[in-house]
Each structure stands twice: as structure tokens, then as C-alpha cells.
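Good morning, and thank you for making time for this presentation. I would ask you to keep the sequence and the structure in view while I speak.

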Amino acid sequence: MALLRLILNVIWLFVAGFWLAVGYAFAGLICCILIVTIPFGVASFRMANYAFWPFGRELVRRPDAGAASKVGNVIWIIVAGWWLTIGHIATALGLAVTIVGIPMAWASLKMIPVALAPFGNEIVSSENRREPWQI
């Protein structure tokens with residue numbers, strides 16, 4: 001199973017992962033320019049890490065997430081979440097054209113929850129699953 005994850009991650013890296021990670025990292029750098037938007041920058045860096053190597057990792061709810069996470073998610077959805085979701089859906093549609101691309105399309109769709117609600121959730125190894133993600 002670990003070998004399959006490695007192969008899928010390497011293929012993902014060349015097909016879409018590198019450019020998605022660069023985009024998220026660039027957005028994180030822009031967000032870190034202002035002090036007020038640094039939490040959004042940190043969330044972008046976390047999403048870049050997930051976009052770079054998604055297979056074998058899952059998005060789960062942080063048990064200590066509170067109201068600030070919900071407020072941050074609402075702001076994030078309004079400002080960037082919908083655009084990122086549309087980008088992931090478009091990427092998934094493009095990848096799903098071939099049989100080899102179907103697992104890559106699934107990885108792109110798997111990133112939609114973190115693109116919509118990055119606060120109050122964390123990315124863990126698939127072996128350490130907990131409560132699923134929530135907005």
C-alpha cells in the first residue's frame with residue numbers, strides 16, 4: 001500500500017500537484033504581507049503542503065477548534081474558497097478524461113474541503129484518522 005501511495009504521489013506531483021502547491025504557496029506569501037491576513041497565509045501554506053503530496057493523508061477536525069475557526073472559514077469561503085473549489089473541480093474534470101487520471105481527479109476533489117474551510121481542520125496520515133472534517 002505504501003508503494004502505491006508513493007507512485008500515485010509522484011504521478012500527482014508531475015500532473016498537477018507541483019503547480020497547485022506553487023499557487024497555494026504564492027497566495028500564502030501574499031497573505032503574509034499584511035499582519036491581519038497572516039492566519040490566511042498560514043492556511044495557504046498548509047494547503048500547499050497537502051496539494052504537494054495528498055495520497056495517504058486525510059483532512060480531519062481539530063478537537064480544539066472554536067468560534068474563531070468558524071469565523072475565519074466564513075471569511076475564507078467568501079474571499080477565496082469558492083474560487084479554489086472551482087479550480088479543483090476544473091482540474092478534476094481535466095484529469096478524469098483518462099483512466100490513469102481518475103485517481104488524480106479524486107485527489108483534486110479530496111482537496112475541496114480544505115480549500116473551502118482550512119481553519120479548525122488538520123491534515124493527518126490516513127492511519128491516524130479521527131472525526132471527519134467540518135466547516
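Let me begin with a term that the next point needs: a residue is called buried when its relative accessible area is under 20%, exposed when that area is over 50%, and partly exposed in between. Please also bear in mind that this is a predicted model.

With that term in hand, consider helix 4, which spans residues 102-110. Which of its residues are buried? They are Met104, Ala105, Ala107, Ser108 and Lys110. The cover over these buried residues includes helix 1, helix 2, strand 1, helix 3 and helix 5. For orientation, helix 2 covers 38-52, strand 1 covers 57-61 and helix 5 covers 112-116.

I turn next to how helix 4 sits against helix 3. Their axes are 8 Å apart, and the packing angle is about 170 degrees. An angle over 145 degrees counts as roughly antiparallel, and helix 3 and helix 4 are therefore roughly antiparallel to each other. On the side of helix 3, the contact is made by His88, Ile89, Thr91, Ala92 and Leu95. On the side of helix 4, the residues are Ile102, Met104, Ala105, Ser108 and Leu109.

Is Thr85 buried or exposed? Its relative accessibility is 8%, so it counts as buried. Once its neighbours within four places in sequence are set aside, Thr85 is in contact with Ile112 and Leu116.

We now come to helix 1, residues 2-31, and its packing against helix 3, residues 67-95. The angle here is about 170 degrees, and the axes lie 12 Å apart. Helix 1 is thus roughly antiparallel to helix 3. The residues that make this contact are Trp12, Val15, Ala16, Leu20 and Tyr24 from helix 1, together with Leu84, His88, Thr91 and Leu95 from helix 3. As for handedness, helix 1 and helix 3 cross in a right-handed manner.

Helix 1 also packs against helix 2, at an angle of about 170 degrees and with the axes 8 Å apart. These two helices are therefore roughly antiparallel to each other as well. Among the contributing residues of helix 1 are Trp12, Leu13, Gly17, Phe18, Leu20 and Tyr24. From helix 2, the contact includes Ile38, Phe40, Gly41, Ser44, Phe45 and Phe52. Note that Trp12, Leu20 and Tyr24 of helix 1 take part in the contact with helix 2 and are also listed for the contact with helix 3.

Gly23 has its place in helix 1. With a relative accessibility of 38%, Gly23 counts as partly exposed. Gly23 and Ile38 are 15 residues apart in sequence, and 17 Å separates their C-alpha atoms.

In an unreviewed entry, UniProt places a "transmembrane region" feature at residues 6-26 and 73-102. In the model, residues 6-26 are 100% helix and 0% strand, with the end C-alpha atoms 26 Å apart. Residues 73-102 are 80% helix and 0% strand, and their end C-alpha atoms lie 29 Å apart. The unreviewed UniProt entry also places the feature "domain: Inner membrane component" at residues 7-57 and 71-121. The span 7-57 is 78% helix and 2% strand, its end C-alpha atoms being 14 Å apart. For the span 71-121, the values are 76% helix, 2% strand and 13 Å between the end C-alpha atoms.

Two local details remain. Side chains of opposite charge can pair when their charged atoms come close. How many salt bridges are counted in this model? The count comes to 1. That salt bridge joins Arg62 and Asp64, whose closest N and O atoms are 3.0 Å apart. Arg62 is partly exposed at 29% relative accessible area, whereas Asp64 is exposed at 57%.

Finally, Ser126 lies in the segment after strand 2, residues 121-125. Its relative accessible area is 17%, so Ser126 is buried. Apart from residues up to four places away in sequence, Ser126 touches Arg5, Gly56, Arg57 and Glu58. By contrast, Ser126 and Ala115 are 11 residues apart in sequence, with 19 Å between their C-alpha atoms.

Note on methods
Residues numbered from 1 in each chain as written. Predicted model: local features only at pLDDT ≥ 70, side-chain atom pairs only at ≥ 80, totals over all residues. Heavy atoms only, no water. Salt bridge = Lys/Arg side-chain N within 4 Å of Asp/Glu carboxyl O. Buried < 20%, exposed > 50% of the residue type's maximum accessible area, 1.4 Å probe, protein only. UniProt positions renumbered as here; feature names shortened; annotations may be inferred. Helix = DSSP H or I, 4+ residues; strand = E, 2+ residues; numbered from the N terminus. Axes fitted to C-alpha atoms, helices over the stretch in contact; angles between N-to-C directions. Parallel < 35°, antiparallel > 145°, perpendicular 65-115°, else oblique. Left-handed = near helix turned anticlockwise from the far one by under 90°. Contact = heavy atoms within 4.5 Å.
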